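Hi,

Here is the structure I promised to pass on. Have a look at it first, and then read my notes below.

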Amino acid sequence: MLFIDMSPKKLLPAIAMAVSAMLMPLAAQADESDWSIGVYAGKYHDAEPAGALAGRANYAEHYMLAVTGSKTLWRHSEWPIAIELDGMLGQQAGMANLTEIAVAPALRWSGLPWRDTLRTDIRLAPLGLSYTSQVGPMEAGPDGRGSRTLNYLFVEAAFSRPQSKDREFFVRLHHRCAIYDLLNNYGANGEDFLSFGFRRKF
(Lines give C-alpha, C1' and ligand atoms only; values in the text may rest on other atoms or scores of the structure.)
Protein backbone atom coordinates (compact mmCIF):
# COMPACT_ATOMS: atom_id res chain seq x y z
CA MET A 1 0.00 0.00 0.00
CA LEU A 2 1.31 3.46 -0.88
CA PHE A 3 1.88 5.53 2.27
CA ILE A 4 2.14 9.31 2.16
CA ASP A 5 3.46 11.02 5.28
CA MET A 6 0.90 13.74 6.03
CA SER A 7 1.78 14.18 9.70
CA PRO A 8 1.59 17.66 11.28
CA LYS A 9 5.41 18.00 10.92
CA LYS A 10 5.03 17.64 7.14
CA LEU A 11 1.69 19.40 6.69
CA LEU A 12 2.22 22.58 8.72
CA PRO A 13 5.23 23.81 6.67
CA ALA A 14 3.16 23.33 3.51
CA ILE A 15 0.35 25.41 5.03
CA ALA A 16 2.84 28.12 6.02
CA MET A 17 4.16 28.22 2.44
CA ALA A 18 0.61 28.53 1.09
CA VAL A 19 -0.16 31.43 3.42
CA SER A 20 3.06 33.17 2.36
CA ALA A 21 2.13 32.76 -1.29
CA MET A 22 -1.29 34.34 -0.64
CA LEU A 23 0.28 37.39 0.94
CA MET A 24 2.73 38.02 -1.90
CA PRO A 25 1.83 40.83 -4.31
CA LEU A 26 0.05 39.63 -7.43
CA ALA A 27 0.37 40.99 -10.95
CA ALA A 28 -2.50 42.83 -12.59
CA GLN A 29 -5.30 40.42 -13.37
CA ALA A 30 -8.57 40.19 -15.23
CA ASP A 31 -11.85 41.23 -13.63
CA GLU A 32 -12.58 37.63 -12.62
CA SER A 33 -9.93 35.18 -11.48
CA ASP A 34 -10.07 31.47 -12.24
CA TRP A 35 -7.76 30.10 -9.53
CA SER A 36 -7.59 30.53 -5.77
CA ILE A 37 -5.68 29.27 -2.77
CA GLY A 38 -6.72 29.68 0.85
CA VAL A 39 -6.43 28.48 4.41
CA TYR A 40 -9.09 27.88 7.05
CA ALA A 41 -9.44 26.62 10.61
CA GLY A 42 -12.47 25.10 12.27
CA LYS A 43 -13.88 23.51 15.39
CA TYR A 44 -15.82 20.24 15.48
CA HIS A 45 -19.52 20.19 16.31
CA ASP A 46 -22.05 17.36 16.53
CA ALA A 47 -24.79 18.71 14.23
CA GLU A 48 -25.26 18.48 10.48
CA PRO A 49 -24.95 21.80 8.57
CA ALA A 50 -28.68 22.53 8.95
CA GLY A 51 -28.40 22.05 12.71
CA ALA A 52 -25.37 24.32 12.92
CA LEU A 53 -27.19 27.07 11.00
CA ALA A 54 -30.13 26.72 13.39
CA GLY A 55 -27.89 26.97 16.47
CA ARG A 56 -28.38 23.37 17.62
CA ALA A 57 -24.70 22.38 17.53
CA ASN A 58 -22.60 21.29 20.50
CA TYR A 59 -18.86 21.90 20.11
CA ALA A 60 -16.00 19.64 21.19
CA GLU A 61 -12.27 20.23 21.68
CA HIS A 62 -11.36 18.94 18.25
CA TYR A 63 -9.94 21.20 15.54
CA MET A 64 -8.91 21.28 11.90
CA LEU A 65 -6.42 23.41 9.97
CA ALA A 66 -6.68 23.14 6.18
CA VAL A 67 -5.38 24.45 2.88
CA THR A 68 -7.95 24.84 0.11
CA GLY A 69 -7.65 25.55 -3.59
CA SER A 70 -10.17 26.03 -6.38
CA LYS A 71 -10.40 26.35 -10.16
CA THR A 72 -13.33 27.91 -12.04
CA LEU A 73 -14.60 25.37 -14.56
CA TRP A 74 -17.45 27.42 -16.01
CA ARG A 75 -18.83 30.94 -15.61
CA HIS A 76 -22.07 32.26 -17.10
CA SER A 77 -21.52 35.22 -19.41
CA GLU A 78 -24.49 37.20 -18.02
CA TRP A 79 -25.70 35.67 -14.75
CA PRO A 80 -23.59 35.77 -11.56
CA ILE A 81 -23.17 31.99 -11.47
CA ALA A 82 -20.04 29.87 -11.72
CA ILE A 83 -19.04 26.25 -11.21
CA GLU A 84 -15.73 25.62 -9.46
CA LEU A 85 -13.70 22.57 -8.48
CA ASP A 86 -12.63 22.84 -4.84
CA GLY A 87 -10.04 20.71 -3.05
CA MET A 88 -8.72 20.71 0.50
CA LEU A 89 -5.97 19.11 2.58
CA GLY A 90 -6.40 19.33 6.33
CA GLN A 91 -4.94 18.16 9.60
CA GLN A 92 -7.21 17.39 12.55
CA ALA A 93 -6.12 17.38 16.18
CA GLY A 94 -7.72 17.17 19.61
CA MET A 95 -9.77 14.02 20.12
CA ALA A 96 -7.67 12.33 17.41
CA ASN A 97 -4.83 13.19 15.03
CA LEU A 98 -5.69 12.47 11.42
CA THR A 99 -5.37 13.93 7.94
CA GLU A 100 -8.22 14.61 5.51
CA ILE A 101 -8.12 15.17 1.78
CA ALA A 102 -11.27 16.06 -0.17
CA VAL A 103 -12.51 17.36 -3.51
CA ALA A 104 -15.91 18.54 -4.74
CA PRO A 105 -17.51 20.63 -7.50
CA ALA A 106 -19.05 23.80 -6.06
CA LEU A 107 -21.69 26.23 -7.30
CA ARG A 108 -20.88 29.91 -6.66
CA TRP A 109 -23.65 32.54 -6.62
CA SER A 110 -22.57 36.20 -6.61
CA GLY A 111 -25.91 37.91 -7.22
CA LEU A 112 -26.95 39.24 -3.82
CA PRO A 113 -28.34 42.78 -4.13
CA TRP A 114 -25.76 44.50 -1.87
CA ARG A 115 -22.77 43.19 -3.82
CA ASP A 116 -21.70 46.72 -4.84
CA THR A 117 -21.21 47.56 -1.14
CA LEU A 118 -20.02 44.22 0.27
CA ARG A 119 -19.57 41.40 -2.20
CA THR A 120 -21.11 38.29 -0.65
CA ASP A 121 -20.78 35.03 -2.55
CA ILE A 122 -22.57 31.82 -1.57
CA ARG A 123 -20.81 28.56 -2.43
CA LEU A 124 -22.49 25.16 -2.20
CA ALA A 125 -20.89 21.75 -2.78
CA PRO A 126 -23.39 18.97 -1.95
CA LEU A 127 -21.54 15.98 -3.46
CA GLY A 128 -17.82 15.32 -3.22
CA LEU A 129 -15.31 12.80 -1.99
CA SER A 130 -13.45 12.88 1.33
CA TYR A 131 -10.79 10.49 2.62
CA THR A 132 -9.20 10.44 6.07
CA SER A 133 -6.00 8.71 7.15
CA GLN A 134 -7.92 6.82 9.85
CA VAL A 135 -11.44 6.50 11.24
CA GLY A 136 -11.80 9.15 13.93
CA PRO A 137 -13.67 8.47 17.19
CA MET A 138 -16.40 10.92 16.14
CA GLU A 139 -17.17 8.82 13.05
CA ALA A 140 -17.18 5.35 14.60
CA GLY A 141 -20.52 3.62 14.96
CA PRO A 142 -21.72 1.73 18.06
CA ASP A 143 -19.61 -1.29 17.07
CA GLY A 144 -16.50 0.87 16.68
CA ARG A 145 -16.37 0.60 12.90
CA GLY A 146 -16.45 3.43 10.39
CA SER A 147 -15.42 4.47 6.91
CA ARG A 148 -12.43 6.58 5.89
CA THR A 149 -14.09 7.43 2.56
CA LEU A 150 -17.29 9.49 2.80
CA ASN A 151 -19.20 12.20 0.97
CA TYR A 152 -17.78 15.72 1.23
CA LEU A 153 -20.21 18.61 1.52
CA PHE A 154 -19.66 22.25 2.32
CA VAL A 155 -21.73 25.41 2.52
CA GLU A 156 -19.81 28.67 2.45
CA ALA A 157 -20.35 32.42 2.56
CA ALA A 158 -17.44 34.47 1.19
CA PHE A 159 -17.00 38.22 1.73
CA SER A 160 -14.83 40.73 -0.11
CA ARG A 161 -14.73 44.42 -1.00
CA PRO A 162 -16.02 45.11 -4.53
CA GLN A 163 -12.73 46.80 -5.42
CA SER A 164 -10.67 43.86 -4.01
CA LYS A 165 -12.49 40.75 -5.17
CA ASP A 166 -9.24 38.80 -5.23
CA ARG A 167 -9.17 38.71 -1.39
CA GLU A 168 -11.99 36.81 0.31
CA PHE A 169 -12.76 36.05 3.93
CA PHE A 170 -15.13 33.13 4.30
CA VAL A 171 -17.17 31.05 6.71
CA ARG A 172 -17.48 27.39 5.79
CA LEU A 173 -19.56 24.54 7.19
CA HIS A 174 -17.34 21.53 6.44
CA HIS A 175 -19.21 18.20 6.50
CA ARG A 176 -18.42 14.52 5.96
CA CYS A 177 -21.30 12.06 5.79
CA ALA A 178 -22.56 8.70 4.55
CA ILE A 179 -25.49 10.40 2.69
CA TYR A 180 -28.08 8.93 5.06
CA ASP A 181 -26.38 5.51 5.08
CA LEU A 182 -26.11 5.25 1.28
CA LEU A 183 -22.32 4.84 1.53
CA ASN A 184 -22.30 2.72 4.68
CA ASN A 185 -24.52 1.93 7.64
CA TYR A 186 -22.14 2.14 10.57
CA GLY A 187 -24.55 4.44 12.39
CA ALA A 188 -22.30 7.51 12.67
CA ASN A 189 -23.02 11.01 11.34
CA GLY A 190 -19.53 11.86 10.12
CA GLU A 191 -17.62 15.02 10.98
CA ASP A 192 -18.68 18.66 10.95
CA PHE A 193 -16.56 21.78 11.43
CA LEU A 194 -17.54 25.44 11.67
CA SER A 195 -14.60 27.08 9.91
CA PHE A 196 -13.25 30.55 9.16
CA GLY A 197 -10.71 31.30 6.47
CA PHE A 198 -9.09 33.55 3.91
CA ARG A 199 -8.38 32.98 0.22
CA ARG A 200 -6.51 34.78 -2.50
CA LYS A 201 -7.61 34.60 -6.14
CA PHE A 202 -5.24 34.80 -9.05
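Phenylalanine 169 counts as exposed because its relative accessibility is 53%. (Exposed means over 50% relative accessible area, buried under 20%, and partly exposed in between, with a 1.4 Å probe and protein chains only.) Phenylalanine 198, in contrast, is buried at 16%. The two rings form a tilted aromatic pair, 5.0 Å centre to centre with 50° between the planes. (Rings of Phe, Tyr and Trp, the latter by its six-membered ring, pair if their centres lie within 6.5 Å; planes under 30 degrees apart are stacked, over 60 edge-to-face, and the rest tilted.) Phenylalanine 169 lies in strand 8 (residues 167–177) and phenylalanine 198 in strand 9 (residues 192–201), so this pair ties together parts that are 29 residues apart in sequence.

Before I go on, a word on where this comes from. This is a predicted model, in which local features need pLDDT of at least 70 and side-chain atom pairs count only at pLDDT 80 or more, while totals for chains, interfaces and linings use all residues. Residues are numbered from 1 along each chain as its sequence is written, and side-chain values use heavy atoms, with hydrogens and water left out.

Now the overall picture. The chain has two helices and nine strands, in the order α-β-α-β-β-β-β-β-β-β-β along the sequence. (Both are DSSP runs numbered from the N terminus: helices are H or I with at least four residues, strands E with at least two.) Of its 202 residues, 43% count as buried. Among contacts with a separation of 6 or more, 62% are between residues 24 or more positions apart. (Contact means heavy atoms within 4.5 Å.)

Back to the rings: there are four aromatic pairs in the structure. Another of them joins tyrosine 152 and phenylalanine 154, tilted as well, at 5.7 Å centre to centre and 50° between the planes. Both of these residues are buried. Phenylalanine 154 also has the charged end of arginine 172 over its ring, 4.0 Å from the centre. (A charge sits over a ring if NZ of Lys or CZ of Arg is within 6 Å of the ring centre and within 35 degrees of the ring normal.) Likewise, arginine 199 lies over the face of phenylalanine 170, at 4.2 Å from the ring centre.

Which residues touch the most other members of the largest nonpolar core? Of its 15 residues, they are Tyr40, Met64, Ala66, Met88, Ala125, Tyr152 and Phe154. (Such a core is a set of buried Ala, Val, Leu, Ile, Met, Phe, Trp, Tyr and Cys residues joined through side-chain atoms within 4.5 Å.) Strand 1 (35–45), strand 2 (59–75), strand 4 (98–109) and strand 7 (149–160) each supply at least two residues of the core. The contacts of methionine 64, beyond four places in sequence, include Tyr40, Met88 and His174.

Two polar residues are worth a click. Arginine 123, in strand 5 (residues 119–125), is buried, with a relative accessible area of 0%. Its side chain makes a polar contact with that of glutamate 84 at 2.9 Å. (That is a pair of N or O atoms within 3.5 Å; within protein, one must be able to donate a hydrogen and the other to accept it, and residues adjacent in sequence count only if both atoms are side-chain atoms.) Threonine 132, in strand 6 (residues 129–132), is buried at 1%, and a polar atom of its side chain lies 2.9 Å from the backbone oxygen of glutamine 134.

Cheers
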